[in-house]
Structures are given as structure tokens and as C-alpha cells.
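The following note sets out numbered points for a colleague who is reading the model alongside its sequence. Each point takes up one element or one group of residues.

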Amino acid sequence: MKHKVRSHAVAALSRLAIFTIALNISLNSSFADPFFEIGEGTGTSWTQAIASGNVVPVTSGAGLTTAAISYYDDRLTADPALDGYALQTSTLIPDTLETDGYSEAHTAMRMEWPVTGNSDPGNDILDIAAWEYQYPDKAPQNLSDSFLQVSILAREGVSDLSVELIDINGKTKGWFKEGPVTESWGTVTFDTDIIGDQNSFKGKRDLGFDIEQVVKIRFDETWRGKVYNYTIAQNAWGKVILTPEPATLVLLALGGLILAKRRT
């Protein structure tokens, strides 16, 4: 009897060990292709992400998404003092030490873009800048059942933040937040399956957007030039992490467990 109990205990421990190994296998194999992590404390620096072509600046000629246009049109309607908005070309400076107004410092990617509103005292516009995470060869990815975590330092003058998922047909689903913001480091997590508002961000979605065919993720910020007397706007991105939801992690691990058992 004792021998049987001991055998069951050994078998249980073996299954637990295999499960743990399978979980690690699943997170570091083709199962985890859509998922990534960039920035401080992760395995990929901003310099590496830019060099690999995954992180790219958005130019003024790229144009805004329809979701973004809808959001900024709403901003103009709500604030008659605004004269318009324009997408500017961003410059990305990787792995710089960025300190907020409370002396909290992190290694981050700084994004800079020109402020046009100050060139004309009578022109109060929103200057928009963005960067994108692009999947290799823009291969479509299934981002359902995922969490997107973003660490960001929004400098004084930033008036809007947003994150947009863009599918293979250019249709988008995103979340937008109007400032003003406090000049401090903060982290926000998005559930990619949510269509509407979340975390005080307003949800926008194109009809026909396909979350199983995402090719890139766009990260936007807006500077209201007339409010603050700057010619160059800037902010900092500490880290960006896309992970499966916990339930998906369990399924991945179970799949790895089945594979491991078949190999034994």
C-alpha cells in the first residue's frame, strides 16, 4: 500500500514537472509568436527592437487611421478652441534614462516630434505623433485573448494617448484617452478582446476589424502646442508587453503537456 502511495506521489510530481516544462516550452515556441516584450527589464531592448525593424516611427505621410480621425473629430467638436489636428513625423531615441517629475527614472524609448501650433499664435492645433510595432513580414497575428501592458511617461503638454490594433486590411480597433496628464511614470493594461471603453480610455473600432489578422500595433500621443511654449514635443515609453490571458496560458501549457507526454 505504501509503495502505491509513493508511486502515485512520484507520478504526481512528474506530471507537475512536465507541466512546468511544457508551460515554458509553450511560451518560448511557435505557440507564442504573436507575443512580445520590449524595454526595461525584458529580454529585448528598444535599440534591438528598432534594429530588427519591429519598432518603427510613423511619418506624417502615413496618415491617421479612421478610428483616430473619428476620435480627433470628436475632440474638435467638444472643444471649439481647437483649430485642427495634424500627424507629425516622429523621431525615436532608444534606451535613454528618462526621469519624471517625482524623480522616478527608467530606461526608455523617447519619442520626439515637432510642435507646429507655436509657429502661429492664432493656431491652436493638436500635433500627433506615433510609432508602431510591426510583425515580421507583416504576417497576420491572432491577438484575441491577450493583454497589452504599456509603461509610459507623458510629459507636460501631452493631451492625448492612444493604442491601436491594425489588421491586414487597415481596419483598426483602439483606445483613446484625453489629458491633461500628470508628468509621472504609469502603466496601463488593455484587454484586446474589449471593443468599448476600458481604463478610462474611449474605445473606437472600424466595422469589419479582424482581431485574428493583426499586422501591427500603433502607439499615439498628442501635444497641444498652444498650451505649452515648446517647439519639440516628447514623451517616453518604458516597456510594452503583449501576453496571453491566464486561461490561454493554461491551454498552451496543457498543449505542451500533451506534446511532452507523446514524446515520452
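**Notes on strand pairing, cores and local geometry**

1. S162 has D220 as its bridge partner in β12. The two strands concerned, β8 and β12, are antiparallel and share 9 bridges. The model is a predicted one, and local features are discussed here only where pLDDT is at least 70.

2. β8 also pairs with β9, again in the antiparallel sense, through 7 bridges.

3. How many of the residues of β8 are buried? The count is 10 of 10, so β8 is largely enclosed by the rest of the structure.

4. T172, a residue of β9, deserves a separate remark. Its relative accessible area is 0%, so T172 falls in the buried class, for which the cut-off is under 20%. Leaving out residues up to four places away in sequence, T172 touches T65, T66 and A67, then E164, L165 and I166, and finally K204, R205, D206 and F209.

5. Helix α3 spans residues 66–78, 13 residues in total, and extends 18 Å between its first and last C-alpha, close to the 18 Å expected at 1.5 Å a residue. Its buried residues are A67, A68, Y71, Y72 and R75. These residues lie on the same side of α3 because they cover an arc of only 125° around the axis. The cover over the buried residues of α3 includes the strands β3 (84–87), β6 (125–134), β8 (158–167), β9 (172–178), β11 (202–205) and β12 (214–224).

6. β13 (residues 232–244) has several pairing partners. It is antiparallel to β1 (residues 36–39), with 4 bridges between them, and F36 is placed opposite L242 of β13. With β5 (residues 105–114) the arrangement is antiparallel too and has 6 bridges; here M109 is bridged to W237. With β7 (residues 146–154), β13 forms 9 bridges in the antiparallel sense, and L148 has L242 as its partner.

7. Which residues have the most contacts inside the largest nonpolar core? They are V55, W131, L148, V150, I217, F219 and W237, in a core of 38 residues. Another core, of 12 residues, lies apart from it and includes Y72, L87, I128 and A130. In soluble globular proteins, nonpolar side chains tend to be buried together.

8. Beyond its neighbours within four places in sequence, W237 is in contact with W46, A108, M109, M111, W131, V150, S151, I152, W185, F219, D220 and E221. Among these, W131, V150 and F219 are listed with W237 for their contacts inside the largest core, while M109 is its bridge partner. D220 is the residue paired with S162.

9. Two residues other than glycine have positive phi values. D145, in the loop between β6 and β7, has phi near 55° and is partly exposed, with a relative accessible area of 35%. N199, in the loop between β10 (185–191) and β11, has a positive phi of about 55°; its relative accessibility is 41%, so N199 counts as partly exposed.

10. Some totals for the protein chain complete the note. The chain contains 4 helices and 13 strands, and 45% of its 264 residues count as buried. Of the contacts between residues at least 6 apart in sequence, 76% join residues at least 24 apart. The accessible surface amounts to about 12900 Å², and carbon and sulfur atoms account for 56% of that area.

Note on methods
Residues numbered from 1 in each chain as written. Predicted model: local features only at pLDDT ≥ 70, side-chain atom pairs only at ≥ 80, totals over all residues. Heavy atoms only, no water. Pairing = 2+ DSSP bridges. Core = buried A, V, L, I, M, F, W, Y, C linked by side-chain atoms within 4.5 Å. Buried < 20%, exposed > 50% of the residue type's maximum accessible area, 1.4 Å probe, protein only. Contact = heavy atoms within 4.5 Å. Expected span 1.5 Å × (residues − 1). Arc of directions from axis to C-beta. Areas by Shrake-Rupley, 256 points an atom, 1.4 Å probe, with all protein chains shown as cover.
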